[in-house]
Amino acid sequence: MDILFKNAQVFRNGVFVRSDALVSGGRLSLSCGEVPPASVADGRDICILPGFADVHVHLREPGFSYKETIRTGSMAAARGGYTTICPMPNLDPVPDDLDTLRQEMEIIERDAVIRVVPYGAITKGEKGEALADLDAMAPYVCAFSDDGRGVQSAEMMLTAMRKAKRLGKLIAAHCEDNSLLRGGYIHDGEYARAHGHRGICSESEWGPIERDARLAEKSGCAYHVCHVSSAESVEVIRRAKARGVDITCETAPHYLVLNDSMLQEDGRFKMNPPIRSEADRQALIAGILDGTVDMIATDHAPHSAEEKGRGLAGSLMGIVGLETAFPVLYTELVKTGVLPFEALVRLLTDNPRRRFGLDGEGGFTVFDLGADYTVDPAEFLTMGRATPFEGRRVFGRCLMTVCAGRVVWQDRLLEAL
């Protein structure tokens, strides 16, 4: 449908401007003057943003399509305002050479409703023992990662970094020292001690980041840290940036909004790395405000209801996030004055696109910032349902997402405007 939003808030060239905005034929026009016949809507609460980019999602296909498919995951992304997503390689088969990568790319070409740019693995089978075929995959992937597993060998990581440097590609690292896990599955903090759970110490994350920052400095590799969750990790990255290391990082909405005092005995609160302390949460926010934390990714990681229904101890790690990221962040950080709105937009759009070379038409998304509602997983388009934000009241409903000139999501509320 063609629709004219009167006096909408539009993000352009890094700032918000008020303008009449016409969405017609998958295109956006501002200050329209004479317009073709279109539905007219009050745009005072309407916000038009560049399409979001998420550099850390799990689409589970090929290999685990009972959890998610490229089609359902990309549809969920479109409903969340995303026009570009990058799926991690912990699949079956692992995309560690051109043949295995092609299997994933063929499904993307057939089923994705938005732009999907895959990762290639760092090591064969993500086993950390032999280098994957980085040369063959480089033209087709956004970066290399063994996400879900940390590369335990410093020698292997340095070899990968040197190869990635030559290829002009990022290494995006899941930083986890297996020797420090000791069977833990939530943060090693007050909640774990009070409820008899085994904890994961923060050093298991920041230790490998510290190691890899030195290796990146030595190799000259462009290095990115996945899902940062601890205060110590933020400080390690801050110091590395000050030394001139080519390092960036991401965090996720759940680390910015929740702390371990909010945990419940439910698998929807279990992810890796875990939700940590309030001090860690505040350090992540400080890192965003001073530029240490470069972007926000969801780490969207769907599982079946049975896999997430075994409580904190027994459930698999991972939650869904594509459909809740913007409303949760807008409600909890922007509306409360913690983070400028413009900064949130950059964390979701320009910053990840620039770092990962996600060039091309990014599309746009339309949100009704005045629409408040309760997060209900039954409404999700993703096959996953596990979210710690279930039942939370949020503001900001995605009305429309346009990718490559095509409307890929349109909410039923749009018809009522």
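Me: What radius of gyration does the protein have, against that of a compact globule with 417 residues?
Reply: The model is a predicted one. For 417 residues, a compact globule would have a radius of gyration near 22 Å, and the value for the protein agrees with this. Its C-alpha atoms fill a box of roughly 65 × 50 × 45 Å along the principal axes. The radius of gyration of the protein is 21 Å.

Me: What percentage of the 417 residues in the protein is buried?
Reply: A residue counts as buried when its relative accessible area is under 20%. The protein exposes about 15900 Å², of which carbon and sulfur atoms supply 47%. Of the 417 residues, the buried share is 61%.

Me: Among contacts between residues at least 6 apart in sequence, what percentage joins residues at least 24 apart?
Reply: The protein has 13 helices and 17 strands. Counting contacts between residues at least 6 apart in sequence, the share that joins residues at least 24 apart is 72%.

Me: Are helices H6 and H7 roughly parallel or roughly antiparallel?
Reply: Two packed helices are described by the angle between their axes and the distance between the axes. For H6 (residues 203–219) and H7 (residues 231–242), the axes come within 8 Å and cross at roughly 10 degrees. Angles under 35 degrees count as roughly parallel. Therefore, the arrangement of H6 and H7 is roughly parallel.

Me: How many charged residues does the contact of H6 with H7 have?
Reply: From H6, Glu-205, Trp-206, Ile-209, Glu-210 and Ala-213 take part, and they meet Glu-232, Ser-233, Val-236, Ile-237, Arg-239 and Ala-240 in H7. By class, this contact has 6 nonpolar residues and 1 polar residue, and the number of charged residues is 4.

Me: Is Cys-47 buried or exposed?
Reply: Cys-47 is placed in strand E5 (residues 46–50). Beyond residues up to four places away in sequence, Cys-47 touches Gln-9, Phe-16, Phe-341, Thr-365, Val-366, Phe-367 and Leu-369. Because its relative accessibility is 0%, Cys-47 counts as buried.

Me: How far apart in space are the C-alpha atoms of Cys-47 and Ala-8?
Reply: In sequence, Cys-47 and Ala-8 are 39 residues apart. In space, their C-alpha to C-alpha separation is 6.1 Å.

Me: What is the relative accessible area of Thr-123?
Reply: Thr-123 lies in the loop between strand E8 (115–116) and helix H3 (134–137). Leaving aside residues up to four places away in sequence, the residues it touches include Asp-96, Glu-129, Asp-146 and Met-156. Thr-123 is buried, and its relative accessible area is 0%.

Terms used:
Residues are numbered from 1 along each chain as its sequence is written. This is a predicted model: local features need pLDDT of at least 70, side-chain atom pairs count only at pLDDT 80 or more; totals for chains, interfaces and linings use all residues. Side-chain values use heavy atoms; hydrogens and water are left out. Axes are lines fitted to C-alpha atoms, for helices over the stretch in contact, and angles run from 0 to 180 degrees between N-to-C directions. Helices (H or I, at least four residues) and strands (E, at least two) are DSSP runs, numbered from the N terminus. Angles under 35 degrees count as roughly parallel, over 145 as roughly antiparallel, 65 to 115 as roughly perpendicular and the rest as oblique. Contact means heavy atoms within 4.5 Å. Ala, Val, Leu, Ile, Met, Phe, Trp, Tyr, Cys and Pro count as nonpolar, Asp, Glu, Lys and Arg as charged, and the others, Gly among them, as polar. The radius of gyration is taken over C-alpha atoms; the globule rule is 2.2 Å times the number of residues to the power 0.38. Buried means under 20% relative accessible area, exposed over 50%, partly exposed in between (1.4 Å probe, protein chains only). Accessible areas come from the Shrake-Rupley method with a 1.4 Å probe; for residues, only the protein chains shown count as cover.
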